[in-house]
Amino acid sequence: MGMNIDMIKTNEMLAPGCTNHCDLKQEVSIYLITRGTMLVEWRNNQELLEQGDVLVGAKFRLKNNSDYFSTICGLILRDDSLGDFYKNPVIIKKDQQTDNDELSKLTHMLNCPHSLDDMLMNVMRYLPKVMNSIGRIESILPLSKSPIGRIDSRLIIINRYIREHFNEPLTLQTLADLIQCNPVYLSNTYSKIFRISPIKYLQKIRMSKAKVLLTQTNDPINEIANKLGYLSNSQFADLFKRFYGITPREVRKYQLTNK
């Protein structure tokens, strides 16, 4: 049958406090956050999405946890080769898209006004390459023999493992042992495919989760550090400040003064 688009959403608004449930069986959604922020939740995980971020998945919840309307656009597609890869959503942050020319073109088309016929034609033109670039449709080959443009199944395992076990004290050696691979080779190959090293990807997930926990819960900062897999509060605070330019305590202080 090949790839088919079942639905295109050009400007869907979500009111403050409202939730959009996605529980697809044979289809996959690709959503672009065009305005505001949203919280994506799946299983026992959650991550804050900001304007420009892309979400790909079949089973998740989108919640507008801000005080303003947020907007998404995107599409729902069906393909025989998708299989079960989208049990967990794939999140592509805005700053990860700059080196992905096909994804940039797709997000531009979704975000800009077109006639539906033109949009459908353009999206179908770029969509297969986009799906290949995030590692879900191309056939799987061994890591040492993968040609450029193909993604090894073990890299998908690592990507998924990081997202599901970010709260554990992971190291590059731990990840390499998981797939019986040299850690340096894993880092280089993963970085080439995903445009970010596995350890930096782990940090981005933890920092995004930390931002949610600091602003949406009353959990003590030391407990948040432990929940995110950090061995000490000082290590967590130093990394958070390097990432956001502000300490966790300053975030909490800002939250209290602006309630």
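The conversation below takes up the cores, the cavity and the salt bridges in turn.

Q: Before we start, what kind of model is this?
A: This is a predicted model.

Q: Fine. How many residues are in the largest nonpolar core?
A: The largest nonpolar core has 30 residues. Those with the most contacts inside it are Ile162, Leu186, Tyr190, Leu228 and Phe236.

Q: Which elements give two or more residues to this core?
A: They are helix H3 (153-164), helix H4 (172-178), helix H5 (183-194), helix H6, helix H7 (221-227) and helix H8 (233-244). Of these, H6 gives the most, with seven residues.

Q: And what does Ile162 touch, leaving out residues up to four places away in sequence?
A: On that basis, Ile162 touches Leu170, Leu175, Tyr190, Pro198, Tyr201, Leu202 and Ile205.

Q: Which residues line the largest cavity?
A: The lining is made up of Trp42, Asn45, Gln46, Glu47, Arg163, Phe166, Ile205 and Lys209. Two elements give two or more residues to this lining, strand E5 (45-49) and helix H6 (198-216). E5 gives the most, with three residues.

Q: How do the lining residues divide into nonpolar, polar and charged?
A: Three are nonpolar, two are polar and three are charged.

Q: On to charges. How many salt bridges does the structure hold?
A: There are four salt bridges. One of them joins Asp23 and Lys59, with the closest N and O atoms 2.7 Å apart.

Q: Where are Asp23 and Lys59 in the chain?
A: Asp23 is in strand E2 (residues 19-23) and Lys59 is in strand E7 (residues 59-63). The pair links distant parts of the chain, 36 residues apart.

Q: Why does Lys59 count as partly exposed?
A: Lys59 counts as partly exposed because its relative accessibility is 35%, and that class runs between 20% and 50%.

Q: What about Glu41 and Arg61, how far is N from O?
A: Their side chains meet in a salt bridge at 3.3 Å, N to O. Glu41 lies in strand E4 (residues 38-42) and Arg61 in strand E7, so the pair ties together parts that are 20 residues apart in sequence.

Q: Is Glu41 buried or exposed?
A: Glu41 counts as buried, at 18% relative accessibility.

Q: One last residue. Where is Arg43?
A: Arg43 is in the loop between E4 and E5. Arg43 counts as exposed, at 55% relative accessibility.

Q: How far apart are Arg43 and Lys59 in space?
A: They are 8.9 Å apart, C-alpha to C-alpha, and 16 residues apart in sequence.

Definitions and conventions. Residues are numbered from 1 along each chain as its sequence is written. This is a predicted model: local features need pLDDT of at least 70, side-chain atom pairs count only at pLDDT 80 or more; totals for chains, interfaces and linings use all residues. Side-chain values use heavy atoms; hydrogens and water are left out. On a 1 Å grid over the protein atoms alone, a cavity is a set of points where a 1.4 Å probe fits but cannot get out, and a pocket is an open set with protein on both sides within 12 Å along at least five of seven lines; lining residues have an atom within 4 Å of a point. Helices (H or I, at least four residues) and strands (E, at least two) are DSSP runs, numbered from the N terminus. Ala, Val, Leu, Ile, Met, Phe, Trp, Tyr, Cys and Pro count as nonpolar, Asp, Glu, Lys and Arg as charged, and the others, Gly among them, as polar. A nonpolar core is a set of buried Ala, Val, Leu, Ile, Met, Phe, Trp, Tyr and Cys residues joined through side-chain atoms within 4.5 Å. Buried means under 20% relative accessible area, exposed over 50%, partly exposed in between (1.4 Å probe, protein chains only). Contact means heavy atoms within 4.5 Å.
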